[in-house]
Protein chains: 2
Amino acid sequence: MNVKSLCLGSLCLKDFSGYEIKKLFESAFNHFYSASYGSIYPSLSKLLDEGLVTVSIQPGDKHPDKKIFSVTSEGREQFIKELAATPPVEQMRSGFLMLMFFAHLLDTPRLIEILDQIEQQYAEEIDYLDSIKDCEENTPGMRFTVEFGLDSYQHALNFVRQHRGQLIEKHQQGAVK
Amino acid sequence: MNVKSLCLGSLCLKDFSGYEIKKLFESAFNHFYSASYGSIYPSLSKLLDEGLVTVSIQPGDKHPDKKIFSVTSEGREQFIKELAATPPVEQMRSGFLMLMFFAHLLDTPRLIEILDQIEQQYAEEIDYLDSIKDCEENTPGMRFTVEFGLDSYQHALNFVRQHRGQLIEKHQQGAVK
DNA sequence: GCACACATATATCAATTTGATATATGTGTG
DNA sequence: CACACATATATCAAATTGATATATGTGTGC
């Protein structure tokens, strides 16, 4: 499951421009997938070449022309086939755990800074997911992704809060030795 | 923080070959970072060019020659500087949540298959982390990464188990409409 | 009134990374 | 004796990131 497929899937929800798809990645998809313009725009071009989407140009009176993409029936069919064949693979890239793994090479103020930063990031993500939690147009599956994210972040935040004291203490002891 | 930095960091623990670093990514780093040979070998070459690591060739009597890399003092210094400047950025790529987001486009047997698969994956990851949990040579920071991972996976597994019944029920209702 | 940050909107590019493939051999299982 | 899996290195097309470019509008603070 790559950015091209996710763009196709987004267009199975409703019509979007590339810019709006980027916003979708930053909002509804934020806690489980990310993509940059550098992969979204080429993906949409390829989908167009393959006849899986069509485009209609909306002249922007003050901004550049907006290219609104729509899925074709072959596009929708193709996406449903992909969903049936895609395994639920999880991939995590955590700068936080990486820094913790090498925490013995940090000084204590830096360790505290990292813990503060990650707590703040989790808190922000919780606030955001909380704000979109009760959106009525969501399907049960969509609601599940929000609730799963909320629960995971809340739990991670609690874990860090419960362990930070002990971590800092042990870190200072280690530095003295 | 990229693969090159993680290779350098690994070599700050002890000497490794490229193959052994790959094993490290598949074991200790598995739940927070992944990397393929296609990024590890070029990274080691670059580190060598930059004088941050040295290499000693161990003739493999039956296998290809083994190239054992060691960090230099500049390499260690460089890695510590990077740790001080790297923000704790979290990035998640979850095929599971993506499939759940589009669950309304799946049939019910496929939804059940996905839930079974993710439960099994979480269970396997828990078993693995449990097996390395009490390794004595680990630093407090390293132990933290294992405990954090264990706790997160256990919590995610519970969440899926608690919600699967309701999810499947609602999915069947949605399909009837 | 004007600078500055931020939003709309598209697009490209070098560098990084993936996932597959190639090569060559050893070891354990059925 | 075949087949899967482990050791060990390396490369490559394709995907992706993160930065940069272009052009304009809108709101905020001094």
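**Notes on chains A and B**

1. Start with the elements of chain A. Chain A has seven helices and three strands. Note that this is a predicted model. Read from the N terminus, the order of elements in chain A is α-α-α-β-β-α-β-α-α-α.

2. Next, overall dimensions. Along the principal axes, the C-alpha atoms of chain A occupy a box of roughly 65 × 35 × 35 Å. The radius of gyration of chain A is 21 Å, whereas a compact globule of 177 residues would have one near 16 Å.

3. Now burial and contacts. In chain A, 32% of the 177 residues count as buried. Take the contacts in chain A with a separation of 6 or more: 59% of them join residues 24 or more positions apart.

4. One residue to look up is A:Asp130. Where is A:Asp130 found? It sits in helix H6 of chain A, which spans residues 108-132. A:Asp130 and A:Glu147 are 17 residues apart in sequence, and their C-alpha atoms are 8.7 Å apart in space.

5. Turn to chain B and a pair of helices. Helix H1 (residues 3-13) and helix H3 (residues 37-49) of chain B have axes that come within 9 Å and cross at roughly 70°. Therefore H1(B) is roughly perpendicular to H3(B).

6. Which residues make that contact? From H1(B) come B:Val3, B:Lys4, B:Cys7 and B:Leu8. From H3(B) come B:Ser39, B:Ile40, B:Ser43, B:Leu44, B:Lys46 and B:Leu47. By class, the contact of H1(B) with H3(B) has six nonpolar, two polar and two charged residues.

Conventions: Residues numbered from 1 in each chain as written. Chains lettered and ligands numbered in written order. Predicted model: local features only at pLDDT ≥ 70, side-chain atom pairs only at ≥ 80, totals over all residues. Axes fitted to C-alpha atoms, helices over the stretch in contact; angles between N-to-C directions. Helix = DSSP H or I, 4+ residues; strand = E, 2+ residues; numbered from the N terminus. Parallel < 35°, antiparallel > 145°, perpendicular 65-115°, else oblique. Contact = placed C-beta atoms within 7 Å. Nonpolar A, V, L, I, M, F, W, Y, C, P; charged D, E, K, R; others polar. Rg over C-alpha atoms; globule rule 2.2 N^0.38 Å. Buried ≥ 20, exposed ≤ 12 C-beta atoms within 10 Å, placed from the backbone.
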